[in-house]
Amino acid sequence: KPGEQKHPKEPSSLQCMHLAVVACGDRLEETLIMLKSAVLFSNRRLCFHIFAEDSLKPEFEKKLKEWPSSYTKKFESTIYPITFSVGNAQEWKKLFKPCAAQRLFLPVILKDVDSLLYVDTDVLFLRPIDDIWHVLKEFNSTQLAAMAPEHEIPKIGWYSRFARHPYYGTTGVNSGVMLMNLTRIRSTQFKNSIIPGGLTWEEMLYPLYQKYKNYITWGDQDLLNIIFYFNPECLYVFPCQWNYRPDHCMYGSNCRGAEEEGVSILHGNRGVYHDDKQPTFKALYEVIRDFPFEDNLFQSLYYPLQSKFLDTVHTLCGRIPQVFLKQIEKTMKKVYENRVIVYLGANHRY
């Protein structure tokens, strides 16, 4: 179409799905389990961009090398130090959770990457990343990022009740799963509340933070909400099953997409993988953590999950186990069918 922006072609060396995560403090294990879930189910090659404190780097390298070669050949990983290109590094570092603000600088740091999926450490993939990667092709000519709403129901949403700064839409957006066309982000002039003209992404970050820092509660997520409040045409909104959090089931089920299709990406915020407040979320985390790589997915992952879920039926989230199991079951069937076809094909030659 005339005037429509085309996606730049990636060089063949970059023909992979780029996944970025920022890990500081005690988030090593959580990050590794997230990466494990990505590798278990994805089809296309993955490029991991891990931003970590220096003390975590050797541990990441060691643990990823321990994975069996049938999995390590499915990805390549780069570990980066935590860096902030504008403003005061200490201020950015302390904003909300340690180092979380690093995600704001990904377009500036990863200059050779065209598109990227950023996720928080407490995310688990229950279906191939390939499926969310396809959403990039659904962007119209002005969209350059995709996030899910912070809440489905304005009257119980955080932003609609408490925010003291501008935010996107009626309930704000959650930045724990964020798909980005970095090429577009780098080349766009963003409308803002600082100057009448546009500013580049990098020019805008620090002045925006300075202007709103006394009003923001959720750190970098609030800054993203402010940016997309002024530039709503730049955002594609995911349905809630791509960023499914305890809020979607702890007040009764309020994510219709997950009820119909199952959870695609689980986001265990509020620390729910590590306490007993939401045993359904914890069960999924533990089963993926404990799954021995080379084992049968149905036997060593799906069945333990089913039996763990039986212990959670007394909770609001546990009352809807099919929501958590639907995508994972579908994905496993595909993995199994592909293996059978490959196996039959290999035998057929003799």
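**Domain interface and salt bridges in a predicted model**

Arg 270 sits in the loop between strand E9 (265-267) and helix H12 (279-290), with helices (H or I, at least four residues) and strands (E, at least two) taken as DSSP runs numbered from the N terminus. This is a predicted model, so local features need pLDDT of at least 70 and side-chain atom pairs count only at pLDDT 80 or more, while totals for chains, interfaces and linings use all residues. Residues are numbered from 1 along each chain as its sequence is written, and side-chain values use heavy atoms, with hydrogens and water left out.

Back to Arg 270: its phi is near 65°, a positive value in a residue other than glycine. Most residues other than glycine have a negative phi. Arg 270 is partly exposed, at a relative accessible area of 47%; here buried means under 20%, exposed over 50% and partly exposed in between (1.4 Å probe, protein chains only).

The chain is split into domain 1 (17-238) and domain 2 (241-348), with bounds that come from an automatic or database domain assignment. Their C-alpha centres lie 23 Å apart. At the interface, 32 residues of domain 1 are in contact with 32 residues of domain 2, contact being heavy atoms within 4.5 Å. The two domains bury about 3,100 Å² between them, and carbon and sulfur atoms give 63% of that; buried area is the accessible area (1.4 Å probe) that two parts lose on being put together, summed over both. Leu 124, Leu 126 and Arg 127 supply 24% of the area that domain 1 buries against domain 2, more than any other three residues.

As for polar links, 18 residue pairs are in polar contact across the interface, both residues at pLDDT 80 or more. Such a contact is a pair of N or O atoms within 3.5 Å; within protein, one must be able to donate a hydrogen and the other to accept it, and residues adjacent in sequence count only if both atoms are side-chain atoms. Among the elements giving two or more residues to the domain 1 side are helix H3 (69-72), strand E5 (123-125) and strand E7 (173-181). Helix H1 gives the most, with 7 residues.

Thr 31 is found in helix H1 and is buried, with a relative accessible area of 0%. A polar atom of the Thr 31 side chain lies 2.6 Å from the backbone oxygen of Arg 27. Leaving aside neighbours within four places in sequence, Thr 31 is in contact with Val 21, Ala 23, Phe 60 and Thr 121.

Salt bridges (a side-chain nitrogen of Lys or Arg within 4 Å of a carboxyl oxygen of Asp or Glu) number 16 in the structure. The count between the two domains is 1. Arg 245 pairs with Glu 150, the closest N and O atoms being 3.8 Å apart. Glu 30 and Arg 27 meet at 2.9 Å, N to O; Glu 30 counts as buried at 6% relative accessibility, whereas Arg 27 is partly exposed at 24%.

Lys 57 and Glu 61 form another salt bridge, at 4.0 Å between the closest N and O atoms. These two are 4 residues apart in helix H2 (residues 57-66), so about one helical turn separates them. Finally, Lys 308 forms a salt bridge with Glu 286, with closest N and O atoms 2.7 Å apart. This pair links distant parts of the chain, Lys 308 in helix H13 (residues 297-310) and Glu 286 in helix H12, 22 residues apart. Lys 308 is partly exposed at 29%, while Glu 286 counts as buried at 17%.
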